[in-house]
Every structure is written in C-alpha cells, then in structure tokens.
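Please look over the sequence and the fold below. A short report follows the display.

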Amino acid sequence: MSNAIELKQVNFFDGDLHILRNITGSIPKAKITTLVGPSGAGKTSFFRLCNGLRSPSSGDLYIERQHIDNFEPVELRRKVGIALQSATMISGSVHKNLSLPLDLQGKNLPLDKAKDLLQLVGLDETFLNRPIKDLSGGQRQKLSIARTLVNRPDILLLDEITSSLDRVSQQDIEELIQRINQQYGTTIVWITHNLEQARSIGDHTWVMMAGEVIESGESSMLDHPKDERVVRFVKGEDK
C-alpha cells in the first residue's frame, strides 16, 4: 500500500514549546485515517505541517513521495485541503462562498461545477443564491467541505468538523466523507474526539499524546490497545 503522507523523525517547536516529538509514521493513500488523543496532543499542529502553514523544525515530511520543501505553497494547498470545525464564511450567498478559492486565484467557478459540488455534499442547486446567514450548522459544514473540494485535493484534512453538530447532521457528514473517499479515492485524515466515530469511520487510527504517536494501526486496535496510556484514554481516564 502506498502512502499519502510520510514523516521521518519530525519535530516541531513553537518557541520553546516542543509540540511534535520525533514523529515517524505514515498515512495510507486513498484510506480514511482518524487521529485521536487528548487536547494538546499536537494533532492540529500536525495538520499545519501537512498543508504548509508551518514547517518542521527537523526531520522529513513527504506528501505523496515528494518532500514538502519541493512544493510551492499554492500547489501544496491545492493538493492538501483542510476543513475546520468552524470555517470562516463571508457575508453574501452560498455561491459567493463556494467560489472563494477560485476568486482568490483570479478564476471563476462555472455554474455547472458549483451545482455539482453542492449535489456532491447533499445540497441542491436552490442553495446557490441563499444568504449564508440562513444556513444551519450542518448545511454550513457541508458548504465548507464543498468549498475545500473546489480544488479537487488529493488529501483532505478534517479538524473536528462534526463536534458541534447534532447526531443527524453528524451522520450526514460522516456518510458524505465516506462517499468522497470511495468516489474519488481521496485520502482523508480526520481529527475527532469521538472514539466511536474514529472506530466506525476510520480504516486506520493514530493515537497521539504529548506530541508523540503512541499507537497506530487499523482502527479496530482501539478495542484492544497495547499501550497502557491508550488503554486509559479509551476508558475515558485521560481526556
């Protein structure tokens, strides 16, 4: 199995803080990998390295076998998309927000492509002209994902994107992400605090604590972790 992301002894410091500690590991291509661990484990910092918002302090990071230093920033962010828990929206219509990534490149989003993207995330074309303020939390999250898909990234990073949604909306997003993964072969890396979600959605899982990958493997390993720290975390003793 080839890897979408590979890390070799990666360290990341923010000032004097040692955020990521000697991480070596890989994210398999075209699969869904979930990242779990207590707050402050370094999960979001890992994402920032993967799409070039931050650079490793030492070690090597490869995106689809190419060293991250060899990418132009714009090229990297097209290849590695990121969707956040509360994505920033601009005032105006759904179409205006959906077009934003191409507007910033001086390009236009064709109407048929805009409709296709909305359809992909389960919103019909009548949403195009709706004011952004009229959307529910779940609809905004679907729009955020559609906007991330405008550049057709090979890798999609998801940071707690369902944590503030009700159960029905959460299930909608989970099914959407699985569909994107299966339909396009997009590599998905999903930070979640929901261990049940990590088990059911993930093909593979990383457990991170204090800037280290403590245990990784098929997501079923959360049912029988080997490391005592992960055992305590899964039991809810170390959040």
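## Basis

This is a predicted model: local features need pLDDT of at least 70, side-chain atom pairs count only at pLDDT 80 or more, and totals for chains, interfaces and linings use all residues. Residues are numbered from 1 along each chain as its sequence is written, and side-chain values use heavy atoms, with hydrogens and water left out.

Six strands make an open, mixed sheet in the order 6-7-8-3-9-10. Strand 6 (80–84) and strand 10 (212–218) are the edges; each has a single partner strand, so one side of each lacks a neighbour in the sheet. From one strand to the next, the twist averages 15°. Strands (E, at least two residues) and helices (H or I, at least four) are DSSP runs, numbered from the N terminus. Two strands pair if DSSP finds at least two bridges between them.

Strand 6 and strand 7 (residues 155–159) run parallel, joined by five bridges. Leu 84 stands opposite Asp 159 in strand 7. Helix 6 packs on the sheet and touches strand 6 and strand 7. The direction of helix 6 makes about 165° with that of strand 6. Contact means heavy atoms within 4.5 Å. Angles run from 0 to 180 degrees between N-to-C directions, with axes fitted to C-alpha atoms, for helices over the stretch in contact.

## Helix 1

Helix 1 (residues 43–50) lies across strand 3 (32–36), strand 6, strand 7, strand 8 (187–191) and strand 9 (204–209). It runs at about 150° to strand 8. Six of its eight residues are buried, so helix 1 is largely enclosed by the rest of the structure. They are Lys 43, Ser 45, Phe 46, Phe 47, Leu 49 and Cys 50. Buried means under 20% relative accessible area, exposed over 50%, partly exposed in between (1.4 Å probe, protein chains only). Just after helix 1, Gly 52 has a positive phi of about 80°.

## Helix 5

In helix 5 (residues 111–120), Ala 114, Leu 117, Leu 118 and Leu 120 are buried. They cover an arc of only 160° around the axis, which puts them on the same side of helix 5. The arc is that of the directions from the helix axis to the C-beta atoms. Asp 112 and Gln 119 are exposed on the other side.

The buried residues of helix 5 pack against helix 3 (94–98), helix 6 (137–148) and helix 7 (167–184). Gly 122 follows helix 5, with a positive phi near 85°.
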